[in-house]
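Please keep the sequence and the structure in view while reading.

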Amino acid sequence: MPVRVLVGGVMVFAALTLALAADPYPTTKPTAAKAAKRSVTFQNGVNDYAGTVDVEIWAVAPNTCLEGNINASSDADNDGGESQILVRFDDVFGTAPGKVPPNSAVHSATLVIGAFDEGTTVHLHRMLVPFKKTSTWNSLVGGVTADGKEASRQKDGFTFGKIAASTSAIPFDVTDTVQAWANGATNHGWVFINTGGNGWDFYTSEFDDVKQRPKLTIEFTPPKE
Ligand SMILES: [Ca+2]
Ligand SMILES: [Ca+2]
């Protein structure tokens, strides 16, 4: 009866697996003793969050505040002058519920942008100096340069400027920068700098459709108490 032999073999194997799973001397600590991994999302209009600051600055209108626009363009040549976009998420770190406690271990951090106009390759850099809602091209003294002083030389991420047919969401892995902020570096946000003259544009935190607004998702483990 080969079938019965086979079934018997499976049962022996299952019993052996159960025996191994019930190891009386586990080498790992019980799950309850470990700090749990958490995930938080920051997006204006979701869970009462309102801390996103996103501002386009434009060399052609160097003193005009564009903070309230529902969209923003990054473009090395936007009608004759450069446009850059500054984005920052305030009220992210702290010990209150829904925030990331200082010195947390950041497993991943993702900035997602709702793009609506394809363009040339765009670089994302960490800002090293403050900006305000009222910032302009001139208030930042000729826009932002990724020179290691105004913004980091190193890119946090980039996009070729394409937009998929299935989704307009463009993710940027910002884990290293968010970890640096969790470790105590000041959160000055990011700047989008376009490397070419075809604007890559996205919806800001003022856009009607909340789902299209800039979103920052952080997976982390809080420090031990
Ligand atoms: Ca804005
Ligand atoms: Ca374009």
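Helices (H or I, at least four residues) and strands (E, at least two) are DSSP runs, numbered from the N terminus. This is a predicted model, in which local features need pLDDT of at least 70 and side-chain atom pairs count only at pLDDT 80 or more, while totals for chains, interfaces and linings use all residues. Residues are numbered from 1 along each chain as its sequence is written, and chains are lettered from A and ligands numbered from 1 in the order in which they are written.

The chain contains 2 helices and 11 strands. Along the sequence these elements follow the pattern α-β-β-β-β-β-β-β-β-α-β-β-β. Two residues are in contact if their C-beta atoms, placed from the backbone, lie within 7 Å. Among contacts with a separation of 6 or more, 80% join residues 24 or more positions apart.

A residue is called buried if 20 or more other C-beta atoms lie within 10 Å of its own, exposed if 12 or fewer, and partly exposed in between, with C-beta atoms placed from the backbone. By this criterion, 35% of the 225 residues are buried. In soluble globular proteins, nonpolar side chains tend to be buried together. A nonpolar core is a set of buried Ala, Val, Leu, Ile, Met, Phe, Trp, Tyr and Cys residues joined through C-beta atoms within 7 Å. The largest such core here has 44 residues, and those with the most contacts inside it are Ile57, Leu86, Val178, Val191 and Ile218. Strand β5, residues 105–117, gives the most to this core, with 6 residues. Beyond its neighbours within four places in sequence, Val191 is in contact with Gln84, Ile85, Leu86, His125, Met127, Val144 and Ala151.

Helix α2 spans residues 175–182, and its buried residues are Thr177, Val178, Trp181 and Ala182. These four lie on the same side of α2 because they cover an arc of only 145° around the axis, the arc being that of the directions from the helix axis to the C-beta atoms. Their cover includes β5, β6 (122–127), β7 (151–159) and β11 (215–221). Just after α2, Gly184 takes a positive phi of about 125°.

Attention now turns to strand β10. In β10 (residues 200–203), Trp200 and Phe202 point one way and Asp201 and Tyr203 the other, and all are buried. Two strands pair if DSSP finds at least two bridges between them. Strand β3 (residues 71–78) runs antiparallel to β10, joined by 4 bridges, and Asn71 has Tyr203 as its bridge partner in β10. β5 also pairs with β10 in the antiparallel sense, over 2 bridges; here Asp117 is partnered by Asp201.
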